[in-house]
Amino acid sequence: MREPEAGDIDWVTTELQDLEIQRNTTVPSPYARADAEQFVYNANTGQRTTFIITETGQRAGAISLHLHDKRASSIGYWIGKAARGRGIATEAVTRVCRWGFEDLGLPIITWSAKVGNEASRVVAAKAGFQMEGTLRLRTMSQGALRDCWVGSLLPHELRDDRRASRRVPAAEIGCRSRRVPVA
């Protein structure tokens, strides 16, 4: 994983033409190059840290850890069509959550997905998220409020797997400045 850079803009624009991503996430729909520019240039500002997920040097998707406050840090992710079904998202979620707990001292990380986004729910569950329920008309997708599933993860619930069971230093997951205070 690494931080987004200007060279990712065209790739992000292309990947986010995928109607499945537009249907199941909160990305703008339709998705324009200007949206990708904003995504890349604002990826690590304020209370959000975003990474481009890579596998064998190839871009596969993106993942963000949103540090709203101590009680509500959340994770969001998408995987490009060509990289789906290979465990890439689960590994990325596990690594970023471990970093959030161990390096940032987060007490909890939350997850949400539009009802019906079974792939995201499976990824979150494999990482150890506990499914908590459904919130009605709580997320915006394709210009309309939609119901969403919600879950949360505590540090002791994070699942280990062979690729993500060790502590991951911030530099290894692509961060340059990593002690983000938790308010």
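Trainee: Which loop is the place of proline 30?

Mentor: Quick ground rules: this is a predicted model, numbered from 1 along each chain as its sequence is written, where local features need pLDDT of at least 70, side-chain atom pairs count only at pLDDT 80 or more, and totals for chains, interfaces and linings use all residues. Side-chain values use heavy atoms, with hydrogens and water left out. Helices (H or I, at least four residues) and strands (E, at least two) are DSSP runs, numbered from the N terminus. Proline 30 sits in the loop between α2 (19-24) and α3.

Trainee: Cis or trans: what is the peptide bond from serine 29 to proline 30?

Mentor: Look at omega for the bond from serine 29 to proline 30, which is near 5°. That bond is cis.

Trainee: Which residues of helix α3 are buried?

Mentor: Buried means under 20% relative accessible area, exposed over 50%, and partly exposed in between (1.4 Å probe, protein chains only). On the other side of α3, Gln38 and Tyr41 are exposed. Within α3 (residues 33-41), the buried set is Asp35, Ala36, Phe39 and Val40.

Trainee: Why do they line one face of the helix?

Mentor: An α-helix has 3.6 residues a turn, so residues three or four places apart point the same way. Here the arc is taken over the directions from the helix axis to the C-beta atoms. Looking down the axis of α3, its buried residues line one face because they fall within an arc of 130°.

Trainee: What do the buried residues of α3 pack against?

Mentor: Contact means heavy atoms within 4.5 Å. Threonine 13, found in helix α1, touches Tyr31, Ala32, Arg33 and Ala36, residues up to four places away in sequence not counted. The buried residues of α3 pack against α1 (9-15), β1 and β2.

Trainee: Is threonine 13 buried or exposed?

Mentor: Its relative accessibility is 15%. Threonine 13 therefore counts as buried.

Trainee: What is the strand order of the open sheet?

Mentor: Strands pair if DSSP finds at least two bridges between them. The sheet has six strands with mixed pairing, and its edge strands, pairing on one side only, are β1 (48-55) and β5 (130-141). The order runs β1-β2-β3-β4-β6-β5.

Trainee: How many bridges join β5 to β6?

Mentor: Compare a couple of other pairs: β2 (residues 58-66) and β3 (residues 74-79) run antiparallel over six bridges, and β4 and β6 are also antiparallel, with six bridges. In β6, valine 150 has serine 112 opposite and also glycine 133 opposite. β5 and β6 pair in the antiparallel sense too, and their bridge count is eight.

Trainee: What is phi for glutamine 142 in the turn of that hairpin?

Mentor: The hairpin of β5 and β6 has two residues between the strands. Glutamine 142 is partly exposed, with a relative accessible area of 32%. Leucine 137, in strand β5, has a positive phi of about 45° although it is not a glycine. Glutamine 142 has a positive phi as well, about 55°.

Trainee: At what angle does helix α4 run to β2?

Mentor: Axes are lines fitted to C-alpha atoms, for helices over the stretch in contact, and angles run from 0 to 180 degrees between N-to-C directions. α4 (residues 88-102) lies across β1, β2, β3, β4 (109-114) and β6 (144-153). Its angle to β2 is about 35°.

Trainee: Stacked or edge-to-face: how are the rings of phenylalanine 51 and tryptophan 99 arranged?

Mentor: Rings of Phe, Tyr and Trp (its six-membered ring) pair if their centres lie within 6.5 Å; planes under 30 degrees apart count as stacked, over 60 as edge-to-face and the rest as tilted. Phenylalanine 51 in strand β1 and tryptophan 99 in helix α4 are 48 residues apart, and both are buried. Their ring centres are 5.8 Å apart and the planes are at 80°, so the pair is edge-to-face.
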